[in-house]
Amino acid sequence: MRKRPFFTLIELLVVVAIIAILAAMLLPALSKARAKSLAARCSGNLKQIAMVHQTYSSESNDFLVACRQNETTGLYWFRVLLEKYISMHSNYNNNLAQLPKSIFVCPAFRGTDVMNTPGYGQNRRVNDVVLGLGNDYYKTIAGYAKISRIRRPSQYNLNGDNNNWNYNDGAANEQGDFTRHGNRRVNLLFVDGHVSALSQGQIKPVNQIP
């Protein structure tokens, strides 16, 4: 009976080289596909956050949730909404346990402190423009603006990809993360509820909206 010959070392090296070449060709495509998937999930999160904002304002005499409950302490906007509509726990630690897997954490964010900075920020300049606060940081942080006073809700961005829990005007000026989804764009939620992926040059500051 004739024995089947073993692979020679050269044949084995050729097979390994072919596998390496195929992997090198496929990995970028897989990485792009994963980035697109995370960007789509991020956009979905922001659309759900829009619905939570709408629920909050409908139950709060038309007011948007403040970036923070008061100037220096109190819950951030996402913790208020998490506790009220998502987690439903009265226990503070239980609420925090729900945060990392909630809609308030961007799936592509790689920060280590999601309890305080979940990858989405809220635009405090909306409060400034609506209430005439003069871009005073502490007043805009704790300001409560009414949706009905926003003249162009489809142009006022409210939340977006950011490396802080709040930002100053359009995510472009303060820690807007334009590298997160690999397309030099940030996902932004607008006051009217729609979500768009915009480059830095496309973001219009709210104080320049007529």
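This is a predicted model: local features need pLDDT of at least 70, side-chain atom pairs count only at pLDDT 80 or more; totals for chains, interfaces and linings use all residues.
Which residues do ring pairs link into a cluster? They are Tyr 76, Trp 77, Phe 78, Phe 104 and Trp 165.

The chain contains five helices and five strands. Read along the sequence, their order is α-α-α-β-α-α-β-β-β-β. Of the 210 residues, 43% count as buried. The chain exposes about 11,600 Å², and carbon and sulfur atoms supply 55% of that area. Among contacts between residues at least 6 apart in sequence, 61% join residues that are at least 24 apart.

The aromatic side chains come next. A pair of aromatic rings is described by the distance of the centres and the angle of the planes. With the cut-off for centres set at within 6.5 Å, the count comes to five aromatic pairs. One of them joins Trp 77 and Phe 78, with 5.5 Å from centre to centre and 85° between the planes, an edge-to-face arrangement. Trp 77 has a relative accessible area of 0% and is therefore buried. Phe 78 also has a value of 0%, so it counts as buried.

Tyr 137 has a relative accessible area of 33%, so it is partly exposed. Tyr 138, at 44%, is partly exposed as well.

The backbone has two residues to look at in the loops. Most residues other than glycine have a negative phi. Asn 61 is not a glycine, yet its phi is positive, at about 55°. Asn 61 sits in the loop between helix H1 (9–58) and helix H2 (77–87). Is Asn 61 buried or exposed? Its relative accessible area is 56%, and because the cut-off for exposed is over 50%, Asn 61 counts as exposed.

Asn 135 likewise has a positive phi, of about 60°, although it is not a glycine. Asn 135 is placed in the loop between helix H4 (125–131) and helix H5 (137–141). The relative accessibility of Asn 135 is 31%, so this residue counts as partly exposed.

Notes:
Residues are numbered from 1 along each chain as its sequence is written. Side-chain values use heavy atoms; hydrogens and water are left out. Helices (H or I, at least four residues) and strands (E, at least two) are DSSP runs, numbered from the N terminus. Buried means under 20% relative accessible area, exposed over 50%, partly exposed in between (1.4 Å probe, protein chains only). Rings of Phe, Tyr and Trp (its six-membered ring) pair if their centres lie within 6.5 Å; planes under 30 degrees apart count as stacked, over 60 as edge-to-face and the rest as tilted. Contact means heavy atoms within 4.5 Å. Accessible areas come from the Shrake-Rupley method with a 1.4 Å probe; for residues, only the protein chains shown count as cover.
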